[in-house]
Amino acid sequence: ADWSRDWCEPVGRIDALVGPDPSIHMVREVIALVVRGSETACLVRDLRLFQDGHHYLPALSLPWVGRQIARRHGEPFAEFWGRHYAASVGQAKARLFARYGLWYETPNPQNLVIQLDRELRPTGRLVFRDLGDTYCATDAFEATTARWTRLTGELRPETENSFWAFGESGERSV
């Protein structure tokens with residue numbers, strides 16, 4: 001909860017400095033309620049970015065509805081979602097790190113939301129939730145007027161977590 005809230009200020013500062021990246025959206029936490037002495041918390045998130053007329057699909061739902069969406073657009077599942085999910089996630093994670101110095105160690109698909117147009121075609125825009133699952137390997141916290149300038153830690157992303165639980169959906173497993 002603390003990390004989620006802590007990252008809102010540096011992200012906002014960097015966006016103000018260089019302008020927002022139209023391909024990345026992040027759900028920002030505005031209130032964190034933490035039970036003292038425990039790991040239990042409640043986050044209140046700003047969900048206004050979802051009020052733009054698009055549809056949004058949590059990536060964790062791909063095993064259940066991904067085949068129908070790919071079929072609707074006349075493409076095989078693997079090619080369609082390889083392009084619109086796997087490649088998009090890799091590119092978005094690279095932009096997230098390059099811009100903000102943030103990387104997800106465990107980017108569970110429940111924390112990735114795919115923007116779809118009215119025809120249910122992915123727009124290429126992803127929404128990241130739960131900034132508390134990010135780590136900083138740069139001097140972004142110390143930087144006050146610019147973006148980060150140097151690495152201060154190691155990167156250890158776990159790519160397989162982007163597809164966590166895709167194999168646990170019975171006959172719909174990916």
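Colleague: Is Phe 50 buried, partly exposed or exposed?

Modeller: Keep in mind that this is a predicted model, where local features need pLDDT of at least 70, side-chain atom pairs count only at pLDDT 80 or more, and totals for chains, interfaces and linings use all residues. Residues are numbered from 1 along each chain as its sequence is written, and side-chain values use heavy atoms, with hydrogens and water left out. Buried means under 20% relative accessible area, exposed over 50%, and partly exposed in between (1.4 Å probe, protein chains only). Phe 50 has a relative accessible area of 25%, so the label is partly exposed.

Colleague: Why do Phe 50 and Tyr 56 count as edge-to-face?

Modeller: Rings of Phe, Tyr and Trp (its six-membered ring) pair if their centres lie within 6.5 Å; planes under 30 degrees apart are stacked, over 60 edge-to-face, and the rest tilted. Here the ring centres are 4.7 Å apart, and what makes the pair edge-to-face is the angle between the planes, 85°.

Colleague: In what order do the four strands of the open sheet come?

Modeller: Strands (E, at least two residues) and helices (H or I, at least four) are DSSP runs, numbered from the N terminus. Two strands pair if DSSP finds at least two bridges between them. The pairing in this sheet is mixed, and the order is S1-S7-S6-S4.

Colleague: How many bridges join S4 to S6?

Modeller: Strand S6 covers residues 112–116 and runs antiparallel to S4. Across this pairing, Pro 58 has Val 113 as its bridge partner, and His 55 stands opposite Leu 116. The number of bridges is four.

Colleague: Which residues of S6 point the other way from Leu 112, Ile 114 and Leu 116?

Modeller: In a regular strand the side chains alternate between the two faces of the sheet. S6 is mostly covered, with five of its five residues buried. Pointing the other way are Val 113 and Gln 115.

Colleague: Which ring does Arg 67 lie over?

Modeller: A charge sits over a ring if NZ of Lys or CZ of Arg is within 6 Å of the ring centre and within 35 degrees of the ring normal. Arg 67 is at 4.8 Å from the ring centre, over the face of Phe 77.
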